[in-house]
Amino acid sequence: MELDGLPASGALYRRALLGVVPGVGGRRGGDVPGLELAVGGVSVDQRHLADYDRVCGFRLTDRLPATYLHVLGFPLSLRLMTSPGFPIPLTGVVHVANRITVHRPVEVGERVDFHTYAENLRPHERGRQLDVVLVGSIGGEEVWRGVSTYLGKERGGPRRDRGDRPAPPAASARWRVTPRVGTDYARVSGDHNPIHTSKLGARLFGFPRPIAHGMWSKARCLAALEPRLPEAYTVDVAFKLPVPLPSTVAFSASPNGAGWDFALHSARDGRPHLTGSVR
């Protein structure tokens, strides 16, 4: 389905909230929908890009950060995830992993065509998970691809015994993550899930206080590696435990061949928030 333009995120979140009201929300499908959404010629607002760069710690340049393409095309994926019959409800969904492949740098003046689809619905010990794929192309050439893995929790799933966690690596930097990170990233990303911005919203979904967006955590780590990134690469992360707001986190990075391994841990007790790699 070709859309005339990117949908408005606010209306889609209102639809998602209505979807959890008994008697109002539609039935969930048993498989991924056979639907692919596309939109052409998406341009970049330079002021929005600069705002995003500041929130996530990137340098102010005309080259788009890899994670910014996720934000730019996110309303299209959001439209897919709120479509009738989508098997996992958006409200309360957990983003458990994200992989981004940059085939070549994208500059601020270029227009990007996006398409998105879902695939690989599969069981998980705590529910079901699937992948939402978002592809960015310019002039018919794929330049960027993002794969977000989402978990829909279901009651009754077994909890894994985590056992003893290994000691976290030595920190390269420590960052103070304030509550403004939740609201500021929601503003620049269009992701207004209340678990990130509201104490009440967070408590409704089992969190004692708001948590940082996973894609902010990934972007902040990538910004720390920015001067060392090649022209083309894949950055893969697994989101572990949420980053509560406020908190202090420890970032670590080490070279691995031609790439990097990196992680984000709690500076207080070493609990893992994120692990990732650049290859």
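Two strands are treated as paired if DSSP finds at least two bridges between them, and helices (H or I, at least four residues) and strands (E, at least two) are DSSP runs numbered from the N terminus. The structure is a predicted model, in which local features need pLDDT of at least 70 and side-chain atom pairs count only at pLDDT 80 or more, while totals for chains, interfaces and linings use all residues. Residues are numbered from 1 along each chain as its sequence is written, and side-chain values use heavy atoms, with hydrogens and water left out.

**View 1. Strand β3 and its antiparallel partners β6 and β8.** Strand β3 (residues 94-102) is joined by six bridges to strand β8 (residues 233-239), the two running antiparallel, and within this pairing R99 has D236 as its bridge partner. Eight bridges join β3 to strand β6 (residues 141-153), also antiparallel, with H95 standing opposite Y150.

**View 2. The largest nonpolar core.** This core (buried Ala, Val, Leu, Ile, Met, Phe, Trp, Tyr and Cys residues joined through side-chain atoms within 4.5 Å) has 66 residues, of which Y52, F114, Y185 and F262 touch the most other members. Helix α3 (residues 66-81) supplies the largest share, ten residues.

**View 3. Surroundings of F262.** Not counting residues up to four places away in sequence, F262 has contacts (heavy atoms within 4.5 Å) that include C221, L225, V235, V237 and F251.

**View 4. Residue L200 in helix α5.** L200 lies in helix α5 (residues 199-204) and, at 59% relative accessibility, counts as exposed (over 50%).

Definitions and conventions. Buried means under 20% relative accessible area, exposed over 50%, partly exposed in between (1.4 Å probe, protein chains only).
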